[in-house]
Amino acid sequence: MPSSLPHWQPKLMVEQRNVKTVPFVELHDGRVQGVVSSGSDIERVYVSYFEAGTMHYYCSTNNNRPCGGLGNIPCKHLTQMLSEAITEYGIDTVVRFLKLPPDEANSFMGILKQAKGMSKSPAGEVFSRFLAYLQLLEYPTSSQPVAEMDWFVG
Amino acid sequence: MMDASISETDRFLAALDACWLAGFAQLAPEHRQTLAKLQHIFEGTPLGQPLQNAVEQLRRGVYQPEHFRVLAAARASLQGAQYAHLRQAAEALVKRASAPSPTPSALDAPTAPPPLLNGAAQWLADLAITGFSRLDARDVSAFDATLRQMRGSPDLLPLVAVLAGLSQSLIGAVPVADPASAPVFRWVDLWSRALIMTVQAPPSPVTQPTDGLLHLMGVEWRSQPQLVSAVFYGILTEGDAVRWVRVTLSAHKVSAIGGDETWLLLPQSQQLLQALDSGQTFQLARMPLTPTGDLLWDDGLATTGAPYKVMDIARRCLLPGAATPIEVAPPLPEYRHPIHLAVPVALDGYQVSEDNTLTAGDITLPLDIRRIAGTELDPQHLRQRPHMVGIVRYDDGQFWLQPLAAADKKGRLDFIGEGGLKLFTKPPKNSTVAILQERASRLLREKK
């Protein structure tokens, strides 16, 4: 019989996300992308991404200055962002989203090895998605009935 | 026990939903036959003429949201009929006399919907035209900006819940690799409810103040990546009236927040969790109550009162065939959908089998593990607890039991949210919630 509820699957996120270092990571518009805090300056953040399919990567400040750590291999921010993406979404989802061969890219290092050079793209859109994400925490709570949430169990 | 028409309707709806999978711009002859059958079912009813017109317009390629809305209304009314049968059957199962159905609330003449609602209706129409099996991520995310704006209006929260949930479920599934295993029924359920809700701005709830005494009975947790909602169920006594009531608390959230920490987004829940844990009643003072049994919680209108034992009250009012009649208000007509079926029951001295089926006397129900696995009410805990309060639900062709709270022989209570209460009592130094909230207030204020 047809079901109104989602297929049951065991809950992800047994491990807690490190939001202090990586406050935001998402799988969006063909990229695993996110925002990484600077280790030295509390006011500065880095915007990093890996592109699905090509596995090109890039990292810059939110003011579009390229990250000093970028080179032939992904910088520290990119590796931190990837690691948190795996924590939040699970490795299978990340590998599938990046369109990588599952048998070769079955671990954090396995994914990193697939990285293939830089592609440059402005940080603005990711940063504004980050702000919109944080905005969710600024809305007031509600005490009105929301029967519609009956579709979203557990 | 269960009416045969229930499964017949389920099968028909599954066939009908194939239209949404294929897309209304690409309907095959078998889809048109199913639509003709739908028309036939409604012939001679108030929906008959509008439905004939809508199907005809869609056949001609006039894909207006209002035509799709008639299909949504027809689908919802078949599910409304299912709801009525299911409610009777579930009440017979727990040996409770059926409450008389209230007369449907007179609908106000629809006022013009705000532009945001039109935007949502257009997106829903676009999904149906393209078909779930042909969607790509861009079709889904095209709606992100409108949805973000809608989140800013507290009145639209119920609609936001459906739209955000549908969008989230689709984005994780498109492009659909295997249409046969896609949760199409669920998608069309959400699509239909959302499209019906876009017809007009939500009416404000009708309420009456209550001065009753509230005994909380348990908690249900519902969540999406960007929205969570806790429902506290309780028994409200006021004079001779004994009512089954709900308190709902909801908050927007971000996907990085998970587990017990999510409770920290609902600060008002601390008082309720505490009262449930320590078995303290709430004396209400003019707390708004809707005819559907929803208390609009305002902690300024509740003071903690005398102690009580959850299972004592539950057994008196909710055991199958209990002597004390309890009033379980039916939902508003537009909410008569099997997903909203929730018939409370208390059970004693039951067995829970290896395959998570509960047997208590002549009542046998599978436990709905989707709602309890890994929580404070995991089946392995329930096997050690002889007393339970729960809700009879329906999905997937059968009734399910959703536990809300369970107690051991000494009356010690287990309920979902105990982990959250621990965090409230002893707040962690660096919670994900606190770090992100601090970040939000710094970055978003800075911008202004």
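**Helix packing in chain B**

Mentor: Keep in mind that this is a predicted model. Start with helix 1 of chain B, residues 4–22, and helix 9 of chain B, residues 184–197. Their axes come within 9 Å and cross at roughly 80°. An angle from 65 to 115 degrees counts as roughly perpendicular, so helix 1 of chain B and helix 9 of chain B are roughly perpendicular to each other. Helix 1 of chain B brings B:Asp10, B:Leu13, B:Asp17, B:Trp20 and B:Leu21 to the contact. Helix 9 of chain B answers with B:Val184, B:Phe185, B:Val188 and B:Trp191. By class, the residues of this contact are seven nonpolar, no polar and two charged.

Now take helix 4 of chain B, residues 65–93, and helix 5 of chain B, residues 115–130. They pack at an angle of about 75°, with their axes 9 Å apart. That angle makes helix 4 of chain B roughly perpendicular to helix 5 of chain B. From helix 4 of chain B come B:Pro65, B:Phe68 and B:Arg69. They meet B:Ala121, B:Gln122, B:Ala125, B:Ala128 and B:Ile129 in helix 5 of chain B. The residues of this contact divide into six nonpolar, one polar and one charged.

A search of the whole structure finds zero disulfides over all chains. In chain A, the sulfur of A:Cys59 is 3.7 Å from its closest cysteine sulfur, in A:Cys75, too far for a bond. A:Cys59 is buried, at 0% relative accessibility. The sulfur of A:Cys67 also has A:Cys75 as its closest cysteine partner, at 3.9 Å, too far for a bond. A:Cys67 is buried too, with a relative accessible area of 7%.

Terms used:
Residues are numbered from 1 along each chain as its sequence is written. Chains are lettered from A and ligands numbered from 1 in the order in which they are written. This is a predicted model: local features need pLDDT of at least 70, side-chain atom pairs count only at pLDDT 80 or more; totals for chains, interfaces and linings use all residues. Side-chain values use heavy atoms; hydrogens and water are left out. A disulfide is a pair of cysteine sulfur atoms within 2.5 Å. Buried means under 20% relative accessible area, exposed over 50%, partly exposed in between (1.4 Å probe, protein chains only). Axes are lines fitted to C-alpha atoms, for helices over the stretch in contact, and angles run from 0 to 180 degrees between N-to-C directions. Helices (H or I, at least four residues) and strands (E, at least two) are DSSP runs, numbered from the N terminus. Angles under 35 degrees count as roughly parallel, over 145 as roughly antiparallel, 65 to 115 as roughly perpendicular and the rest as oblique. Contact means heavy atoms within 4.5 Å. Ala, Val, Leu, Ile, Met, Phe, Trp, Tyr, Cys and Pro count as nonpolar, Asp, Glu, Lys and Arg as charged, and the others, Gly among them, as polar.
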